[in-house]
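Welcome, and please take a moment to look over the sequence and the model shown here. The report below then walks through its ligand sites and charged pairs.

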Amino acid sequence: MIKQTSVFVRLGEQSYEIEIGIGNLASIGSPIQKLNPSKLFLIYDENVVMHFQVVQELLCEIISEVHSHKVASGEASKCIGVANELWDFLSRHQADRNSMVVAIGGGVVGDLAGFVAATYARGVPFFQIPTTLLSHVDSSVGGKTGVNLPSAKNMVGAFWQPAGVLIDTQTLSTLEDREYVSGLAEVIKYGLIMDEPFFEKLEANVAGLKHRDADLLVDVIAHCCRLKANVVEEDEKETLGRRAILNYGHTFAHAFESVLGYGTYLHGEAVAVGMLCAGSLAKKMGRVNQAFCDRQEELVRKVGLPVKVDRTDIQPLIDVMKRDKKNVSNRIRFILPTGIGSVELVDAPIKKELIESVFNEFFE
Ligand SMILES: NC(=O)c1ccc[n+]([C@@H]2O[C@H](COP(=O)([O-])OP(=O)(O)OC[C@H]3O[C@@H](n4cnc5c(N)ncnc54)[C@H](O)[C@@H]3O)[C@@H](O)[C@H]2O)c1
Ligand SMILES: [Zn+2]
């Protein structure tokens, strides 16, 4: 029997189901038919043509009007210019609130198409078929959509929950290894921030994770979606602070991405080293012991993620961390561990020398 499971994201009228399986793209017709759109607008990444064609063929059998638009791969597509092309695409074919936008691709196409759906005609239903590990475990839950400004990532956007999500782990078969491994950083993050038994399961299954064991992946992805859904259900719009725990490792990661250049390190690679930095800072502040840091680093290393970044000037890194839009009153906000499976938001002033010594530890 084909392995299949689902995660229900409980958000009142915006509740939706995430279906996760092996080869379940073949049954995409079923959730779409239930949602009963009059027209479909498929927006897909140029690198997932193979998966897009499967979806298109199946959906053309059940919906009379299906339009498609290809988006160039890469973060640069997540911009207002491409959003504008997509609004125009919807308008040319008279999309309305009975239509549905379907995104097929990684987080870039998901965020972009979701933003276009959120804003066109003040909101058109949106369905997601994420195709990278990162988008399976992260962007498929939470309803954050948006585009980048030249000066700031994800600065323009909207909360817009999808009407449904379908995750087929077989879409990962075409994903490059480096992209796949990068997604594992977010998987490890869930264990570290909120679930020690899950972290142990990852430790026990490194080989399966590296080889993309299909059954294991369905369980792991579903578990990550459930964990993120638990956080999002408590704090949908990020007003209570609870959602901040999902940013573990990200304060450092954003600094690496922005100073060393987006593209030098993939997001998950930067997050991997960022989590090690957060662990080290926590250790220097007496919040965790060396054993915690060792265990965290060992799993990161074993799955094939980097544990260091290229040496660079420290001041620009600190400057980026100070500009983070999640900071309050000019203090850098850190999510710091207290042990495997638990983290805390720390807003207290932290000595600059301490942060410098952390960076120095994680330069090549
Ligand atoms: N909305 C959210 O909650 C949320 C959460 C995390 C990240 N994000 C956003 O997601 C983006 C990163 O997502 P990503 O890592 O998926 O990047 P991505 O969408 O750029 O995909 C990574 C690369 O893989 C290619 N690709 C995608 N699926 C493929 C497949 N099945 N086979 C072969 N190639 C494939 C893409 O063309 C691209 O080159 C960022 O913009 C980030 O801000 C959003
Ligand atoms: Zn992330």
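A polar side-chain atom of Asp111 sits 2.9 Å from a nitrogen atom of ligand 1; a polar contact here is a pair of N or O atoms within 3.5 Å, and within protein one must be able to donate a hydrogen and the other to accept it, while residues adjacent in sequence count only if both atoms are side-chain atoms. Before going further, note that this is a predicted model, in which local features need pLDDT of at least 70, side-chain atom pairs count only at pLDDT 80 or more, and totals for chains, interfaces and linings use all residues. Residues are numbered from 1 along each chain as its sequence is written, chains are lettered from A and ligands numbered from 1 in the order in which they are written, and side-chain values use heavy atoms, with hydrogens and water left out.

**Around ligand 1**

| Residue | Atom of ligand 1 | Distance |
|---|---|---|
| Asp111 | nitrogen | 2.9 Å |
| Thr131 | nitrogen | 2.8 Å |
| Lys153 | oxygen | 2.8 Å |

On its own, ligand 1 has 860 Å² of accessible area, and the protein covers 87% of it; such areas come from the Shrake-Rupley method with a 1.4 Å probe, and for residues only the protein chains shown count as cover. The shell around ligand 1 holds 24 residues, and the closest are Asp45, Gly107, Thr131, Thr132 and Thr174. To belong to the shell, a residue needs a heavy atom within 4 Å of the molecule. By type, the shell divides into 4 nonpolar, 11 polar and 9 charged residues. Here Ala, Val, Leu, Ile, Met, Phe, Trp, Tyr, Cys and Pro count as nonpolar, Asp, Glu, Lys and Arg as charged, and the others, Gly among them, as polar. At least two shell residues each come from helix H4 (107-119), helix H5 (133-139) and strand E8 (152-159). Helices (H or I, at least four residues) and strands (E, at least two) are DSSP runs, numbered from the N terminus.

Asp111 and Lys78 meet at 3.0 Å, N to O. That pair links distant parts of the chain, with Asp111 in helix H4 and Lys78 in the loop between strand E4 (65-71) and helix H3 (80-92), 33 residues apart. Lys78 also pairs with Glu75, at 3.7 Å between the closest N and O atoms. Lys78 is buried at 3% relative accessible area, whereas Glu75 is partly exposed at 33%; buried means under 20%, exposed over 50%, and partly exposed in between (1.4 Å probe, protein chains only).

**The zinc ion**

Ligand 2 is a zinc ion, and its protein donors are Glu186 (OE), His250 (NE2) and His267 (NE2), 2.0 to 2.2 Å away. Donors are N, O and S atoms within 2.8 Å of the metal (3.2 Å for Na, K and Ca), and sites may look incomplete because water is not among the atoms. Glu186 is buried at 0% relative accessibility, while His267 is partly exposed at 24%.

Conventions:
Salt bridge = Lys/Arg side-chain N within 4 Å of Asp/Glu carboxyl O.
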